[in-house]
Amino acid sequence: RLDTLYDGIMAMKADGLPVDAIQPQGAIYLSFRVNLPGQTNEAIRAKLLDDAGMAVVPFQAFDMKEDSGWFRISIGAVGKGEIPPMLERLARVIRKEVSA
């Protein structure tokens, strides 16, 4: 599931969307970035939750002070079949923000 999520985010990056991710290194968490200049991590977190149905934890929870766009997501309660639709929602939200 982590690889599916990582591959989907990297495909968005290859398509020119302002995202990035750290290759999974085990466990159930993926660190990824949504780089929307001028928006705080809290604003991005709320958009992802409200518009993409993704609950993420901003890196501020891990003592990173700046609004870097970095988040952590858990795949612990997500089935493999739920990931592609989630990635589609994520891409749609980001495209909307980039074109605004």
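Predicted model: local features only at pLDDT ≥ 70, side-chain atom pairs only at ≥ 80, totals over all residues.
Colleague: Which residues of α2 are buried?
Modeller: They are Asn 41, Ile 44, Leu 48 and Ala 52. Seen down the axis of α2, these buried residues fall within an arc of 65 degrees, so they line one face of the helix.

Colleague: Let's turn to the core. Which residues touch the most other members of the largest nonpolar core?
Modeller: Leu 5, Ile 9, Phe 32, Val 34, Leu 48, Met 54 and Ile 73 do. That core holds 28 residues.

Colleague: Which elements give two or more residues to this core?
Modeller: Helices α1 (2–14), α2 (41–52) and α3 (83–99) do, along with strands β1 (19–21), β2 (29–34) and β4.

Colleague: Which one gives the largest share?
Modeller: α3, with seven residues.

Colleague: Take Leu 5. What does Leu 5 touch, leaving out residues up to four places away in sequence?
Modeller: Leu 5 touches Leu 30, Ile 73, Ile 75, Ile 83, Met 86 and Leu 87.

Colleague: How do β2 and β4 pair, parallel or antiparallel?
Modeller: Antiparallel, over five bridges. Strands β1 and β2 also pair in the antiparallel sense, over three bridges.

Colleague: Which residue of β2 stands opposite Asp 20?
Modeller: Arg 33 does. Asp 20 also forms a salt bridge, with Lys 13.

Colleague: How far apart are the closest N and O atoms of Lys 13 and Asp 20?
Modeller: They are 3.2 Å apart. Lys 13 is partly exposed, with a relative accessible area of 38%. Asp 20 counts as partly exposed too, at 24% relative accessibility.

Colleague: Why would such side chains pair at all?
Modeller: Side chains of opposite charge can pair when their charged atoms come close.

Colleague: How many salt bridges does the structure hold?
Modeller: Three. Glu 42 forms one of them with Arg 45, where the closest N and O atoms are 2.6 Å apart. Both residues lie in α2, three residues apart, about one turn of the helix. Glu 42 is partly exposed, with a relative accessible area of 43%.

Colleague: Which residue does Glu 97 meet in a salt bridge?
Modeller: Glu 97 meets Lys 47, at 3.6 Å from N to O. The pair links distant parts of the chain: Glu 97 is in α3 and Lys 47 is in α2, 50 residues apart. Lys 47 counts as partly exposed at 22% relative accessibility.

Colleague: New topic. Where is Ser 68?
Modeller: Ser 68 is in the loop between β3 (57–58) and β4 (70–74).

Colleague: Does Ser 68 count as buried or exposed?
Modeller: Buried, because its relative accessibility is 11% and the cut-off for buried is under 20%.

Colleague: What does Ser 68 touch, beyond residues up to four places away in sequence?
Modeller: Arg 33 and Asn 41. Arg 33 is the β2 residue opposite Asp 20, and Asn 41 is one of the buried residues of α2.

Notes: Residues numbered from 1 in each chain as written. Heavy atoms only, no water. Helix = DSSP H or I, 4+ residues; strand = E, 2+ residues; numbered from the N terminus. Buried < 20%, exposed > 50% of the residue type's maximum accessible area, 1.4 Å probe, protein only. Contact = heavy atoms within 4.5 Å. Core = buried A, V, L, I, M, F, W, Y, C linked by side-chain atoms within 4.5 Å. Salt bridge = Lys/Arg side-chain N within 4 Å of Asp/Glu carboxyl O. Pairing = 2+ DSSP bridges. Arc of directions from axis to C-beta.
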